[in-house]
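Here is a short briefing on one chain. Please look over the sequence and the structure first, then read the points by topic.

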Amino acid sequence: MGLLQIGGAPKAKCAGRVAGIDLGTTYSLVATVRDGSPTVLLDDEDRATFPSVVWFGEGDARVVGHDARTKAGGGEGTVIASAKRFMGRAQVEAQADDELTPYVFSSEVDGPVVYFDLADGRRVTPIEVSAHVLAALKARAEEQLEGPLDGVVITVPAYFDDAQRQATKDAARLAGLTVLRLLNEPTAAALAYGLDQKKEGMFAVFDLGGGTFDISILTLDDGVFQVLTTGGDSRLGGDDFDRAIAEHFLASQGVEPAKAAPDVAARALAAARTAKEALTEADEASLEIEGQSHTLTRSQMDELILPTLRRTEKHIQRVLADVGLSGDELDGVVLVGGSTRVPAVRTYVEKLFGQKPLADLDPDRVVALGAAVQADLLGGEGPRDDVLLLDVLPLSLGVETMGGVVEKILHRNQTIPATAQQEFTTYADGQTGMDFHVVQGERELVSDGRSLARFKLSGIPPMGAGMGRVLVTFEVDADGILHVSAEEQTTKKRASVQVKPSYGLDDETVERMIMESFQFAQADVDERLFVEHRVEAERIIAALTRAMEEDGALLADDEREALNAGIASIEAAVEAKNAGLVRERVDQLDALSADFAVRRMNQSIGDALRGQQAEGLG
Amino acid sequence: MDCWSCGAERGDALFCTTCKILQPESKKEDWFAALGVEKKFSIDTKALAKAFRTRSVKVHPDRFAQKSAVERRLAVQHTAKLNDAYRTLSDPHKRAEYLMKLEGVEIGGEEQRTNDPEFLMAMMELQEEADGAKTAGAIDAMLERVEGIRTGELDKVRAYFDDGVGERAQIVRALDALRYYMRLVERLTARREEAS
């Protein structure tokens with residue numbers, strides 16, 4: 001927003017009550033820093049982990065966590081687990097998985113978001129399911145910290161793409177949380193681990209959770225945690241171990257796994273998980289699947305999960321190649337994620353890296369602890385200044401060019417925040433708009449990569465063909481999310497940028513979900529939305545008024561009149577308590593004042609900033 | 001230079017000496033200066049990494065999370081520049097291209113692109129050979145060969161910058177060729193991953 005850049009809000013971020021949330025595929029945790037050290041918050045029964053499971057019953061009936069899990073595989077309502085696996089994916093992608101699944105994907109909707117069918121005919125997205133989990137953790141934290149949370153750091157797999165990150169942020173918004181930062185899980189773990197063990201050197205973090213796998217290599221040097229490279233698979237984890245075991249026994253009973261009914265699948269998967277967990281200690285476990293008893297030995301399980309485990313190897317080889325080292329040259333390999341409790345995983349890691357992995361900290365908790373530390377760094381009272389995290393972009397970003405070829409603009413493993421600029425020239429007389437398509441991934445052809453979004457530029461001043469030179473700035477923020485802005489170089493006029501994300505929910509839908517009484521009564525929702533917009537409006541009006549007083553000379557008379565009219569129209573909308581209208585008019589005023597903001601910024605900060613824009617970063 | 005926030009004279013300092021507020025980056029500063037290392041080809045990469053981290057600690061947006069919007073914006077700009085500078089200077093090929101750029105020669109620009117038929121023919125042959133390598137073993141052998149050629153070209157570049165050996169035009173062509181090899185390696189690596 002232009003106005004915010006000219007210094008409207010002196011302190012936009014919070015200072016105070018903050019927490020770190022590990023939003024996991026199977027389990028989630030919340031932690032906070034107390035008396036200088038990170039601590040996981042426990043529930044009434046002293047449990048740290050909270051199953052990422054939601055049960056939906058009739059109407060508003062809903063159960064989250066441990067109690068929801070016990071409802072899996074039968075009875076009324078619908079249980080949704082492992083929603084994280086479907087974040088940022090499209091319906092068609094989820095349905096294409098030919099595997100044993102406890103979900104009923106909605107067949108009615110086809111779109112850029114996955115929908116699950118509930119027993120009573122309603123539909124929910126994984127974003128909403130995650131939001132219910134987040135809301136429960138929020139409640140736990142607020143009860144124990146005795147007051148509302150000012151902000152949270154939420155962890156995501158390092159290999160999450162833009163859409164998956166955005167979906168996580170949307171879930172947080174639905175849960176009423178302010179996100180200070182999305183933090184990569186292996187990085188969070190390294191932070192907690194490094195601070196706890198006071199280690200220095202070069203480390204790999206092997207993070208195998210319920211549904212995602214990450215491998216990162218970092219250097220720890222004098223309080224700076226610098227990620228050098230990251231790789232992984234956001235659909236590879238302990239869930240796949242369970243599935244391999246369940247499919248094996250179902251097949252032995254003559255059931256074709258991909259055709260198993262959802263409730264049969266849910267029960268078989270639950271039995272497989274229990275057996276897998278028992279085999280961490282025992283050599284043999286028994287499990288019952290659809291009325292038949294089976295025995296599973298540890299070596300039999302090792303054999304069943306080996307194909308899944310082997311899928312980690314190419315990612316490990318790739319990150320080692322990135323740093324040009326072999327596994328045994330690293331100073332250590334840290335194990336993170338519940339699935340690293342499986343003895344076969346530890347043996348496998350030891351063999352691949354040629355050294356015994358480190359597991360001094362609880363692999364279930366270490367990510368949440370790191371998130372708490374980062375939350376404290378960003379939003380805590382009197383945060384420490386001896387620690388800094390430098391993370392990287394996991395997947396290259398490129399623009400589609402002629403012939404469906406990707407031209408890379410930002411590269412994988414580039415430290416974020418990162419910016420790149422590229423100039424596009426108009427090709428028609430009087431052309432005022434321009435479209436481009438951003439793709440993520442390492443492949444050369446657009447058709448092999450994954451679409452991120454289509455951007456539509458408008459408001460380019462009409463000029464002769466080839467005369468309009470539009471400088472597009474791509475900026476990936478510290479959350480790993482892309483932002484795009486554009487300016488025509490001859491007239492220095494900013495183009496407006498419309499984004500059409502290829503996956504996920506658009507802003508209006510998220511807002512509607514909040515409206516549709518996500519966790520609030522309808523009246524609360526309206527009130528909350530209105531207050532959100534009113535506060536924003538007041539801030540913008542105050543900033544603009546001050547700016548006009550200070551630098552009125554930069555405005556032509558008609559411009560000043562237009563801005564005043566804009567302010568009056570917002571005030572009228574506030575008076576009328578119309579949240580939607582306030583928002584719309586704030587957006588209009590923001591667009592209207594963008595040029596003024598730029599002029600003012602250039603004047604007040606001197607031409608140095610402009611120099612940075614014009615000079616380019618190539 | 002005056003401080004954008006309090007108006008006091010601040011010199012070239014990163015933070016205003018009067019009000020201690022973060023200042024805009026200097027546009028005159030090249031990337032060697034931004035990282036505080038000597039401007040030359042052969043540099044101590046460990047010292048470069050250290051300089052990058054020390055400087056990041058001062059200007060990273062995380063340090064300004066609770067500061068004003070302008071300071072947060074400036075922190076992002078400083079950090080993006082540092083990140084770019086470090087990425088460029090820590091890689092010998094990119095570092096050489098940047099040194100050329102400071103001398104006014106843009107590698108990969110239209111006017112620099114070679115049309116020497118002999119060179120283009122050699123590249124095409126190499127490309128064809130690479131396309132022909134289908135098995136993991138063949139791709140590995142090809143990768144090793146291209147790496148060998150790359151090292152040879154980089155040695156020429158080093159000799160030019162460090163000891164003044166060779167003509168600039170030759171080095172510009174070597175750098176141009178290195179771009180081809182780099183793309184070739186990228187492509188081969190991607191195919192190597194698919195093959196395994």
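In chain A, 69% of the contacts between residues at least 6 apart in sequence join residues at least 24 apart. The model is predicted. Its secondary structure comes to 18 helices and 26 strands in chain A. The radius of gyration of chain A is 26 Å, close to the 25 Å that the globule rule gives for 618 residues, so the chain is as compact as a globular protein of that length.

**Overall dimensions and burial**

- The C-alpha trace of chain A spans about 85 × 55 × 55 Å along its principal axes.
- Of the 618 residues in chain A, 48% are buried.

**Nonpolar cores**

- In soluble globular proteins, nonpolar side chains tend to be buried together.
- The largest nonpolar core here has 189 residues.
- The residues with the most contacts inside this core are A:Ala19, A:Leu134, A:Val152, A:Ala189, A:Ile245, A:Ala268 and A:Ala371.
- Which residues does A:Ile245 contact, leaving aside its neighbours within four places in sequence? They are A:Ala272, A:Ala275, A:Lys276, A:Leu296, A:Met301 and A:Leu304.

- Three strands of chain A form an open sheet in the order E6-E5-E7, and their pairing is antiparallel.
- Strand E6 (62–64) and strand E7 (78–81) of chain A are the edge strands, each pairing on one side only.
- On average, neighbouring strands of this sheet are turned by 15° against each other, direction ignored.
- Strand E5 (residues 53–56) of chain A is joined to E6(A) by three bridges, and the two run antiparallel.
- Opposite A:Phe56 stands A:Arg62 in E6(A).
- Helix H4 (residues 126–144) of chain A lies across E5, E6 and E7 of chain A. The helix runs at about 65° to E6(A).

**Helix H5**

- Helix H5 (residues 162–174) of chain A has 13 residues, which at 1.5 Å a residue should span 18 Å. Its end C-alpha atoms are 18 Å apart, in agreement with that value.
- How many of the 13 residues of H5(A) are buried? The count is 12, and the helix is mostly covered.
- A:Gly176 follows H5(A) and has a positive phi, near 75°.

- Strands of a sheet pair through backbone hydrogen bonds, either parallel or antiparallel.
- Strand E24 (residues 469–476) and strand E25 (residues 482–488) of chain A pair in the antiparallel sense, over seven bridges.
- A:Thr473 has A:Ser485 in E25(A) as its bridge partner.
- The hairpin of E24(A) and E25(A) has five residues between the strands. A:Gly480 in this hairpin takes a positive phi near 85°.
- E25(A) also pairs with strand E26 (residues 493–501) of chain A, in the antiparallel sense over three bridges.
- A:Lys493 in E26(A) stands opposite A:Glu488.
- Four residues lie between E25(A) and E26(A) in their hairpin. In the turn, A:Lys492 has a positive phi of about 55°.

Terms used
Residues numbered from 1 in each chain as written. Chains lettered and ligands numbered in written order. Predicted model: local features only at pLDDT ≥ 70, side-chain atom pairs only at ≥ 80, totals over all residues. Pairing = 2+ DSSP bridges. Axes fitted to C-alpha atoms, helices over the stretch in contact; angles between N-to-C directions. Contact = placed C-beta atoms within 7 Å. Expected span 1.5 Å × (residues − 1). Buried ≥ 20, exposed ≤ 12 C-beta atoms within 10 Å, placed from the backbone. Rg over C-alpha atoms; globule rule 2.2 N^0.38 Å. Core = buried A, V, L, I, M, F, W, Y, C linked by C-beta atoms within 7 Å.
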